[in-house]
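Please summarise this protein for me.

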Amino acid sequence: MELIDENGNLFGTVNVVDALAVCLVFAVLVAGVAAVGALGGGDDADDDSANEIRYATIDLGTQPSSTADDVSVGDEMTHDDHPHTLTVTDVYAAPVSSGETHVTVRAEVSGTHLENGAYAFGDDEFAPGQNVSINTGEYAATGGIEAVEDEGTELPRTETEVLLEATLSPSAAADVRVGDEVMFGEDTVATVETVSVYPVGDEQHRVFVGATLTTLERGADLRYGDVPVESESMIPISTADYDLALGVLETGVIEEAGEPATTTVEIDLEKLSDREASLFEPGLTETAGGETWATIQDVDREPASVVVESEDGELQKHDHPTRDDVTLTVELQTRNTELGPQFQGASLNNGDTVYLDFGVTSIEERIWLVEG
């Protein structure tokens, strides 16, 4: 049998032109299927070749300072099973104590999408509220994802002024000085700007510290480390010399309210022995934190009164033979505010009790304002 007869039929049955057309259609179908397969048109997760870049804020929490010191810009982690990478682009760290530091990082993340549309690093969803483990070989830390965004390699920092307060022992209070810095590596994250120290009790000093903190913006809020910078929060201040936790009194200021002033008061001390009364003299001062807060201007001393019943039953007033009443006139370094004078960080009114430490002796008595 001839391959093609005189009518152009293949094997005498199929027209050659028709056969070529069928082959062309088949070839197009095969090519189409191959193209669909190459583009990943199935129902599984997107192919890793379509990686997308996102920028994430990750709170690594409080870490040992040795681990925190290892965290730096440029640290990179590659996923074991996917061509996904996570690269640290910014580091914010606030020491909590001499041995611990709270760390937050910004990272560039190369990942893909799961079939449900969620962004993924490896096979796990990468979104706010999820956890991620960072292992660079030098350190390993797990943190919470706070934000995933399309851009931004840096964390949003700002400088925040705060007025802090704590009651400390005299030795601890003496350690706090203007110019003290909290450091992380070569970065200063807090600076002590002002210090006021007031004796308020036996072995107790009230310390007011004005400080500038490097804080992170978190929406409308600010935080230092992981602590919100707001009234009553406790801010850790860790320097080379001390670790303290100070309460936030006010934000946006580093000075106590009001303007410096002086207020004169009188203090009555009754029935003192001669030894006790002789301790008080004009010029005696209360000094703390390198500042003088109270100065005795005058001392009025006279015998204390004693009431004695006579033989006929009458009550008679006599001078006490060994006891004296002493009235001190004292000038206090106060601050004038809209609500009146303040002393030792508290309002000062007639009849208020104050504590004064003059070194040779201390008193805790009611005061009476002297009209000026």
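A strand here is a DSSP run of E, at least two residues in length, and numbering starts from the N terminus. The model is predicted.

Thr101 sits in strand β6, which covers residues 100–113. Is Thr101 buried or exposed? Thr101 counts as buried because its relative accessibility is 3%, and the cut-off for buried is under 20%. Beyond its sequence neighbours up to four places away, Thr101 touches Gly61, Thr62, Gln63, Ser65, Ala68, Ala93, Ala94, Pro95, Val96 and Phe184. Take Ser65: 36 residues separate Ser65 from Thr101 in sequence, yet their C-alpha atoms are 5.3 Å apart.

Now the surface. Asp202, Glu203, Glu266, Asp268, Glu270, Asp298, Asp300, Glu302, Asp319, Glu364 and Glu365 form a negative patch. Asp319, one of the patch residues, lies in strand β22 (residues 315–337). Asp319 is exposed because its relative accessible area is 55%, and exposed means over 50%.

The two residues side by side:

| Residue | Relative accessible area | State |
|---|---|---|
| Thr101 | 3% | buried |
| Asp319 | 55% | exposed |

The protein has 372 residues, of which 39% count as buried. Its accessible surface is about 20,700 Å², with 47% belonging to carbon and sulfur atoms. Among contacts with a separation of 6 or more, 62% join residues 24 or more positions apart.

Key:
Residues are numbered from 1 along each chain as its sequence is written. This is a predicted model: local features need pLDDT of at least 70, side-chain atom pairs count only at pLDDT 80 or more; totals for chains, interfaces and linings use all residues. Side-chain values use heavy atoms; hydrogens and water are left out. Patches are made of residues with over 30% relative accessible area and no salt bridge: like charges are joined within 9 Å, nonpolar side chains (Val, Leu, Ile, Met, Phe, Trp, Tyr) within 5 Å. Accessible areas come from the Shrake-Rupley method with a 1.4 Å probe; for residues, only the protein chains shown count as cover. A salt bridge is a side-chain nitrogen of Lys or Arg within 4 Å of a carboxyl oxygen of Asp or Glu. Lys and Arg count as positive and Asp and Glu as negative; His and the chain ends are not counted. The place of a charge is taken as NZ of Lys, CZ of Arg, CG of Asp or CD of Glu. Helices (H or I, at least four residues) and strands (E, at least two) are DSSP runs, numbered from the N terminus. Buried means under 20% relative accessible area, exposed over 50%, partly exposed in between (1.4 Å probe, protein chains only). Contact means heavy atoms within 4.5 Å.
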